[in-house]
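Subject: Structure handover and notes

Hello,

Please find the structure below, with the sequence. My notes on what was found in it follow.

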Amino acid sequence: MVQAFGNRKSSALAGMVLAAGLSMTSHAQVADAVSTGAPAAVAAQGAHDFRGAGNPHVLPWRDPATASSPAPFARASSRTLTYYGGPVIANVNVVKVNYGAGTYQPYVSGTGAGTMSAFYGAVVGSPYFSWLNTDYHTSTQTIGYGSFAGDKSITPSAANNGSTITDAQIQAEIQRQIGLGVLPAATANTYYAMYFPKGKKIQQGTSYSCQSGGFCAYHGTIKNGSSYIFYGVHPDNSTGSGCDAGCGTSTPFNNWTSVASHELIEAVTDPAVGVATTYASPLGWYNKTYGEIGDICNAQQGTVTVGGVAYTVQKEWSNSKQACITNF
Ligand SMILES: [Zn+2]
C-alpha cells in the first residue's frame with residue numbers, strides 16, 4: 001500500500017528515530033538530529049526527561065535534504081509500549097477547529113469528500129481503530145470506535161492570534177472558546193483538532209512549526225481541574241509554508257491525513273502526555289526510547305479504506321504484532 005511515501009523506506013526509518021529523539025530530549029539536541037542525521041538522535045537519547053508540565057508531544061519536521069539517511073534500529077522487542085497508568089481516550093470525539101480568519105487549504109476549510117473532516121469521520125470508525133483495544137486497553141478503560149463532532153470556526157482574541165501563535169495561546173483560546181460556548185465542552189473523549197490558516201507560525205517551547213528543528217504537528221494536554229482537555233495542533237501546510245517540504249512526500253492532503261492520524265492515535269493512547277512530568281501517571285502508553293505509538297512508526301505510511309475511499313494514514317505500533325501496522 002502505501003505508496004504515498006512508501007517508496008522512501010530509508011527516510012521512514014530516519015524519521016522514526018528523530019521522532020523519539022525530539023519527544024524526550026532538549027530542543028538543541030533535536031536541532032542536531034535534524035541537521036546531522038538520525039544517529040545523533042540515537043546518541044542523544046540518554047538524556048531523557050520530560051520538559052516539564054504542559055509540554056505537548058510533537059511530530060518533528062524532517063529536513064528533506066537529510067531525511068533519507070538510514071538509521072540504525074534496535075530489536076523490535078525494545079519498541080514495546082509500556083503502560084504508565086494514565087488515561088486513554090475510550091471513544092474519541094473529534095471536534096475539528098479552524099483557528100481564525102485567513103486562507104486555509106481547501107481540504108481544511110471544506111467539509112465534503114476529500115477533506116480533513118471526511119477523514120476524521122471515516123477513520124474513527126475504521127479498522128485503524130478496531131484493534132487498539134486488544135493491545136492498549138487498561139484495567140479501567142476500553143478503546144472503541146470514535147465519532148466526529150463536526151467543524152467549528154473560532155474567532156481568537158487578537159492577543160492569541162499574532163503571526164506567531166504559542167502553544168500557551170492555543171490552550172488559552174481553546175478554554176476561552178469553550179467558555180463562550182463556541183466549542184463544545186470537553187469530556188474525557190473530546191479531542192480538539194486545531195487547524196491554522198496560511199501564514200501562522202506555531203511556537204511550542206523554543207521550537208517552531210514547519211522548519212528545521214521544529215515540528216509538523218503535535219498533540220497536547222490542558223490540565224482542567226481534576227480532568228484534562230486534549231487537543232492536536234496542525235499548522236498550515238500550503239506551498240511555501242515549510243510543512244509542504246518536511247512533512248511527507250505525497251500530496252498535501254495525503255501528507256496531512258497522515259500527520260493527523262499520527263496525532264489522533266497518539267492522543268487516544270497517551271492523551272495526558274502534555275502534563276506528564278515523569279514516567280508515571282498521567283502518562284499512558286509510552287516507550288522510553290522511542291516515544292508514543294506513532295513515533296515508533298514515524299513516516300511509515302499505509303492506507304485505510306472506508307466506504308470505498310482510501311485514506312493515507314501513518315502506521316502505528318502494535319505490541320501484540322511487534323510491528324508497525326494499520327490494522328490487524
Ligand atoms: Zn508523535
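A residue is called buried here if 20 or more other C-beta atoms lie within 10 Å of its own, exposed if 12 or fewer do, and partly exposed in between, with C-beta atoms placed from the backbone. By that count 8 of the 10 residues of strand β9 (residues 215-224) are buried, so β9 is largely enclosed by the rest of the structure.

Two remarks on the source. The model is predicted, so local features need pLDDT of at least 70 and side-chain atom pairs count only at pLDDT 80 or more, while totals for chains, interfaces and linings use all residues. Residues are numbered from 1 along each chain as its sequence is written.

Helices (H or I, at least four residues) and strands (E, at least two) are DSSP runs, numbered from the N terminus. Two strands pair if DSSP finds at least two bridges between them.

The six-stranded sheet

Strand β9 belongs to an open sheet of 6 strands with mixed pairing, in the order β1-β9-β10-β6-β3-β4. At its edges stand β1 and β4 (147-154), each with a single partner strand, so one side of each has no neighbour in the sheet. From one strand to the next the twist averages 20°. (Axes are lines fitted to C-alpha atoms, for helices over the stretch in contact, and angles run from 0 to 180 degrees between N-to-C directions.)

On one side, β9 is joined to strand β1 (residues 57-60) by 4 bridges, and the two run antiparallel. V58 has Y218 of β9 as its bridge partner. β9 is also joined to strand β10 (residues 227-234), by 7 bridges and again antiparallel. Here H219 stands opposite G232 of β10. The hairpin of β9 and β10 has 2 residues between the strands, and G225 in this hairpin takes a positive phi near 65°.

β10 also pairs with strand β6 (residues 190-195), in the parallel sense and over 5 bridges. M194 faces V233 of β10 in this pairing.

Y191 sits in strand β6. With 25 other C-beta atoms within 10 Å, Y191 is buried. Two residues are in contact if their C-beta atoms, placed from the backbone, lie within 7 Å. Leaving aside residues up to four places away in sequence, Y191 touches I89, V92, N93, V94, F230, Y231, G232, L264 and A267. I89 is 102 residues away from Y191 along the chain, yet their C-alpha atoms are separated by 8.9 Å.

A second open sheet, of 3 strands, has the order β5-β7-β8 and mixed pairing. β5 (164-166) and β8 (207-208) are its edge strands, each with a single partner, so one side of each is left without a neighbour in the sheet. β5 pairs with strand β7 (residues 201-204) in the parallel sense over 3 bridges. T166 is opposite Q203 of β7. Helix α8 (residues 167-180) packs on this sheet, where α8 touches β5 and β7, and its direction makes about 70° with that of β5. α8 also lies across β4, β6, β9 and β10, and runs at about 55° to β9.

Helices α5 and α10

Two packed helices are described by the angle between their axes and the distance between the axes. For helix α5 (residues 116-123) and helix α10 (residues 252-269), the axes come within 11 Å and cross at roughly 45°. That makes α5 oblique to α10, since angles under 35 degrees count as roughly parallel, over 145 as roughly antiparallel, 65 to 115 as roughly perpendicular and the rest as oblique. M116, F119 and V123 of α5 make the contact with W256, T257, A260 and S261 of α10. These residues divide into 5 nonpolar, 2 polar and no charged. (Ala, Val, Leu, Ile, Met, Phe, Trp, Tyr, Cys and Pro count as nonpolar, Asp, Glu, Lys and Arg as charged, and the others, Gly among them, as polar.)

Backbone points in the loops

- The peptide bond from S281 to P282 is cis, with omega near 15°; P282 lies in the loop between α10 and β11 (285-286).
- C210, in the loop between β8 and β9, has a positive phi near 65° although C210 is not a glycine. C210 is buried, with 22 other C-beta atoms within 10 Å.
- Q322, another non-glycine residue, has a positive phi near 50° and is in the loop between β14 (316-318) and β15 (323-325). Q322 counts as partly exposed, with 13 C-beta neighbours inside 10 Å.

Regards
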